Amino acid sequence: MTEAVTAADPGLTQPLLAKRASRRWIISATLITAIVALPVLSVIFLAFFPEENIWPHLIDTTLPRYLWTTVQLMVGVGAITLVIGLSTAWAVTMCEFPGRKFFEWAMLLPFAVPAYVIAYVYTSLLDYAGPVQRSLRDWFGWQNASDYWFPEIRSLEGATLMIGLVLYPYVYLLARAAFLEQSPSLFAVSRSLGHSALSTFFRVVLPIARPAVAVGLSLVLMETLNDFGTVDFFAVQTLTAGLFDTWMNLGNLGGAAQIATTMLVFVVILVTLERYSRRRQQQYAARDNRDPIRRFTMSFPRQMICVAVCAGPFILGFVVPAGTLGLYAWEYFEESWNPDFVRNTLNSLFLSSAAAITTLLIGVILAYSRRLHNTRGMQILMRLSSLGYAMPGAVLAVGVIVPLAGFDNWLDSLMRDTFGISTGLLLSGTAFALVFAYTVRFLAVSAGSVESALQKVTPSMDMASRSLGYTPGKTLVKVHLPILRGTLLTAALVVFVDCMKELPATLILRPFNFETLATYVYQFASDERLFHSALPSLIIVLAGIVPIILMSRSISNTRSIA
Amino acid sequence: MRMKLAATAAMALAALPLSASADGEVNIYSYRQAYLLEPLLNAFEKETGIETNVVFAKQGLAERLEREGRNSPADVVMTVDISRINELVERDLVQGVDSDVLNSNIPENLRHPEGKWFALTTRGRLIFTSKERVEEGEITTYEELADDKWNDRICTRSGKHPYNIALFSSLIAHHGEEWTQQWLQDVKDNLARKPQGGDRDQIKAIAEGVCDISIGNSYYYGNMLQDENQRPIAEQVRLVFPNADGRGTHVNISGISLTKSAPNRDNAVKLMEFLSSPEAQRIYAEANTEYPANPEVKPSGLVAEWGEINPDELSLQTIAENREAAVKLVDRVDYDGE
C-alpha cells in the first residue's frame with residue numbers, strides 16, 4: 001500500500017509536538033549546523049579578501065572555457081551515471097537473469113575505486129606504450145603514432161567516462177533502494193491499464209523514485225564539479241582547475257575562495273530548482289511490503305542483454321582497474337611492499353569509521369528535527385549543513401583550518417593571559433581535525449539519504465506513536481530507526497567508503513608522520529611513479545569491498561522487513 | 001573537588017603541547033614527498049639523535065602554517081620551486097637564519113640575502129629531443145622552440161605547471177613580456193598535442209613518435225633511466241642543455257626555510273646545516289638525480305654523465321617576481337587550450 005499523494009504537503013507541524021521537546025531538537029539542530037557550516041562560511045569569508053580582483057583577467061581569458069568544459073563534464077557524467085545507474089538497478093531488481101544475485105552487489109564495486117586511481121590505470125592501459133595500442137600495432141604493423149588514429153584518453157571525454165564509471169553506483173544504490181520500496185501492485189496496475197513496461201517505467205516507477213534518484217545524481221554532480229585529481233591529470237580545464245590555478249599559481253587564496261563560492265551558489269541553485277520542481281509532491285510508503293516482487297521472466301536473448309548491461313560497467317569500472325592494479329602490484333611487489341601498510345590501513349579504517357558514525361548521528365538528528373518542525377528555517381539549516389560537499393576538498397580543508405586554528409589560538413591566548421600557560425594547538429593538526437573535515441564534507445551524503453527515507457514514512461506512524469505516549473525522541477528510537485535501519489547502514493557505509501578515498505583534505509590537515517592509504521598512494525602518484533602506487537591503491541579498493549557487500553545486503557533485506 | 005578536577009584538566013591540557021615539543025624533535029612541513037626525504041632524515045636522526053616528523057602535501061601547507069600562527073608546531077618548510085618558497089617570505093611566515101655553516105655550504109645566489117630560504121638542490125629545465133628524428137645540435141636554445149621548423153613537433157605538460165611558469169618567468173626577465181608572449185604563442189602553434197600529463201609523459205610521447213621535442217626537468221629523465229621498464233623509452237631521447245653556450249640553462253631549486261614560530265629552533269637549524277653538508281647533499285642529489293646546491297659536492301653517477309650544467313645566473317628572486325605575469329601570459333595565449 002503506497003500512497004503517492006500529489007497534493008499540498010499535509011505537513012508534520014504543531015499537532016505532533018510537545019513544545020518543549022521540539023525546542024530541544026531545534027536547538028541541537030541549530031547548534032550542529034552552526035558548527036558544521038563553519039568551514040564553508042570561512043571560505044565565503046576569505047572570498048571577501050582577494051589579493052587582487054581576478055575576474056577581469058579570467059573573463060578576458062579562460063573563464064568561458066572553464067565554464068563550458070565544466071558544463072560539458074557535468075552533463076556527460078550526469079548522463080552516464082543516470083543511464084548506467086537506472087538501467088542496472090532496474091535490471092537487478094525486476095528482471096530474472098543468470099548472475100542477477102551476483103550483480104546486485106557487484107554493480108556497487110566500482111564505487112571502491114577512487115576516480116584518480118581509475119584515471120591512472122586507464123591511462124597506462126590506453127596510452128601509446130600501453131598494452132592495447134602495442135597489440136594493435138603488432139597486429140596491423142603500424143610503426144608509430146602517426147600511422148593510425150586512437151582515441152585520446154587524456155581528454156574531456158576520457159575524464160567524463162572515468163568519473164562516470166566510478167560514480168554511477170551513487171545512482172544505482174539509491175535507485176535500487178527506491179525500486180525495492182515500491183509496491184509491485186503499482187506496476188501491475190499500470191500494466192493492466194494498458195501501459196507497456198517501458199512506459200510504466202517512465203510514467204510510474206521513475207517519478208516515484210525521483211527524490212532518491214535526485215539525491216544520487218546531485219551527489220554525483222557535486223563530486224564531479226569538485227574533482228581535481230582526474231581533471232588535472234587529464235588536463236581538462238574545469239572551474240576547479242581554474243580555482244587551483246588562481247590559488248597556487250597566482251597566490252590568490254581570496255580569489256580562489258570567490259570561485260569556490262560561485263560554484264557553491266551554482267550548486268545551491270541547481271538543488272533548489274530540482275526541489276522546487278517537485279514541491280507539490282509528497283510521497284509516503286507504508287512499507288506494507290508483503291507483496292513479493294515478481295521478476296520478469298524473459299527469453300534467453302533478453303536475459304543476455306541484461307547480463308551485458310550489468311557486466312559492461314562492472315568490468316570497465318572494477319575488473320579492469322582492480323585487475324591491472326593487481327598485475328602492477330605483483331610486478332613491483334618488492335619495491336612497494338612496506339611494513340607501514342598495516343598502520344596506514346588502520347589509520348584509514350579508524351578515521352573512516354569515526355566519520356561514518358559521526359555523520360550518521362548528525363544526519364539523523366538534522367533530518368528528524370526537520371521532520372518534527374518542518375519550517376522554512378529548518379529546511380535552510382538542512383541545506384546549510386550539506387554545503388561542505390559542494391566544495392573542493394582542498395578548499396574545504398583551508399576552511400576547516402580557519403575556525404580550528406582560530407579557536408586553538410584564542411584559547412591559547414586566554415590561557416596565557418589568565419594562567420600563564422600555553423595550551424598550544426589542541427584541535428588543529430590532529431585526527432579530530434580530519435574527522436571534522438570528513439563530517440563536514442560528507443554530511444550531505446548521510447543527511448540527504450536519511451532525510452529522503454524519513455520523508456517516505458507516513459506521518460500516521462508518528463501520530464500513532466505519539467498518541468500512545470512516546471516522546472519524539474522515543475518515537476525516533478523505537479519507530480523510525482528500526483524502519484530506516486537499511487537506509488542508515490547504507491548511508492554510513494557510503495560515507496565510510498568516501499572517506500577511505502578522500503585525499504585533498506587529508507593531505508593538508510593530517511598530523512605529523514600520519515599516512516592514510518590515499519595519502520600514501522598520492523606520494524608516489526604525484527611523483528609520476530604510478531607502478532609503486534599500485535599496491536596501496538589495490539588495498540584501498542579491497543578495503544572498500546567489504547562495506548559495499550554489507551551495504552548491498554542491507555538493501556536487499558529491506559524487502560524482508562515487514 | 002571541583003577545583004581539583006579543573007586543575008587536573010588544566011594540567012592535562014598544558015601537558016599536551018609540552019609533550020609534542022619535547023627536546024629532540026624537529027617538525028617539517030614538506031612539499032616534497034616524504035619517501036624522498038626518508039634516507040636523509042634517517043641519516044640526520046642517526047647522527048644527531050633528533051627525531052624528525054613530516055607532513056607532506058602539495059598545497060595548503062602555507063595556509064595551515066599561517067593560520068596556526070605562533071602556536072604552529074612546524075619548524076621548517078621544505079619546498080620545490082622558487083615561487084612557492086618566495087610566497088613564504090612574502091607572507092612573512094619564515095625567519096632568517098644566520099649560520100656560518102649554511103652560508104659557507106650554499107653559494108650566495110642559491111640563498112635568500114637574509115637567510116629566509118636556502119636551496120638544497122637545483123634542477124635544470126632541459127630540452128629532450130628524439131635521437132632518431134632530430135640531429136644533435138639542431139636545437140640549442142629555448143628561443144629556438146618558437147621556430148617554424150618545429151611545427152607540430154613539440155610536446156609539453158600544462159603551461160600552468162610551476163616548472164613551466166618559472167621557465168617563462170625567466171624568459172620574461174631576459175626578453176620582456178611582449179617578446180615572451182609572442183614566443184609562447186609560437187611555441188603553442190608548434191605543439192603536436194594539447195598540453196597534458198607530466199614531464200615523463202612528454203619523453204614517452206617522443207618515443208611514441210607523437211612529437212620530436214619536449215621540455216622537462218632533468219631528474220625525471222634520470223629517474224626513468226633508473227627504472228628498468230622505462231629505460232628503453234628514455235634511451236630514445238637525447239638531452240640538451242639549452243642556452244649552455246650563452247646565458248646558461250634555466251634552473252629551479254628545492255629549498256628549506258625556518259618558520260617564524262619554530263618551537264625547536266636549534267634543532268631546525270641543525271637540520272638545515274646537516275642538509276647542506278656534503279654527506280647529505282650527496283644522498284639528496286643522488287636519490288632523485290638532482291644537482292647538489294653545495295658546490296663542493298660534484299654530481300655523481302648518471303647526472304655526471306650528462307656533462308656539466310651551466311646554470312643561468314638570473315636571480316631566483318626575479319623569477320619569482322615574474323610569476324604572475326607568466327601565469328597571465330599562459331592564459332592570454334591560451335597555451336593549454338585546443
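1. Helices here are DSSP runs of H or I with at least four residues, and strands are runs of E with at least two. On that basis, chain A of this predicted model has 23 helices and two strands. Its radius of gyration is 25 Å, close to the 24 Å that the globule rule gives for 562 residues, so chain A is as compact as a globular protein of that length.

2. Further figures describe the overall fold of chain A. Along the principal axes, its C-alpha atoms fill a box of roughly 80 × 75 × 50 Å. Of the 562 residues of chain A, 52% count as buried. Among contacts in chain A with a separation of 6 or more, 85% are between residues 24 or more positions apart.

3. The largest nonpolar core holds 270 residues, and A175(A), A437(A) and M272(B) are the members that touch the most others in it. Helix α7 of chain A, residues 156-181, gives this core its largest share, 17 residues. In soluble globular proteins, nonpolar side chains tend to be buried together.

4. A437(A) can be looked at in more detail. Leaving aside residues up to four places away in sequence, A437(A) touches L396(A), A397(A) and V400(A), and also A505(A) and L509(A).

5. Where the two chains meet, 46 residues of chain A are in contact with 49 residues of chain B. On the chain B side, at least two residues each come from the helices α1 (2-20), α2 (34-48), α3 (61-68), α8 (199-208) and α15 (323-332), and from the strand β2 (51-56). The largest share, six residues, comes from α1(B). By class, the side of chain B that touches chain A has 20 nonpolar, 13 polar and 16 charged residues.

6. Chain B is assigned two domains. Domain 1 covers 20-122 + 252-305, and domain 2 covers 123-250 + 313-332. Taken over C-alpha atoms, the centres of the two domains of chain B are separated by 27 Å. Their contact takes 16 residues from domain 1 of chain B and 17 residues from domain 2 of chain B.

7. The last point concerns the side of domain 1 of chain B that touches domain 2 of chain B. At least two residues of this side come from each of α4 (82-90), β5 (118-130), β9 (251-259) and α13 (301-305) of chain B. Helix α4(B) gives the most, with four residues. The residues of this side of domain 1 of chain B divide into five nonpolar, eight polar and three charged.

Technical notes
Residues numbered from 1 in each chain as written. Chains lettered and ligands numbered in written order. Predicted model: local features only at pLDDT ≥ 70, side-chain atom pairs only at ≥ 80, totals over all residues. Domains from an automatic or database assignment. Contact = placed C-beta atoms within 7 Å. Nonpolar A, V, L, I, M, F, W, Y, C, P; charged D, E, K, R; others polar. Rg over C-alpha atoms; globule rule 2.2 N^0.38 Å. Buried ≥ 20, exposed ≤ 12 C-beta atoms within 10 Å, placed from the backbone. Core = buried A, V, L, I, M, F, W, Y, C linked by C-beta atoms within 7 Å.
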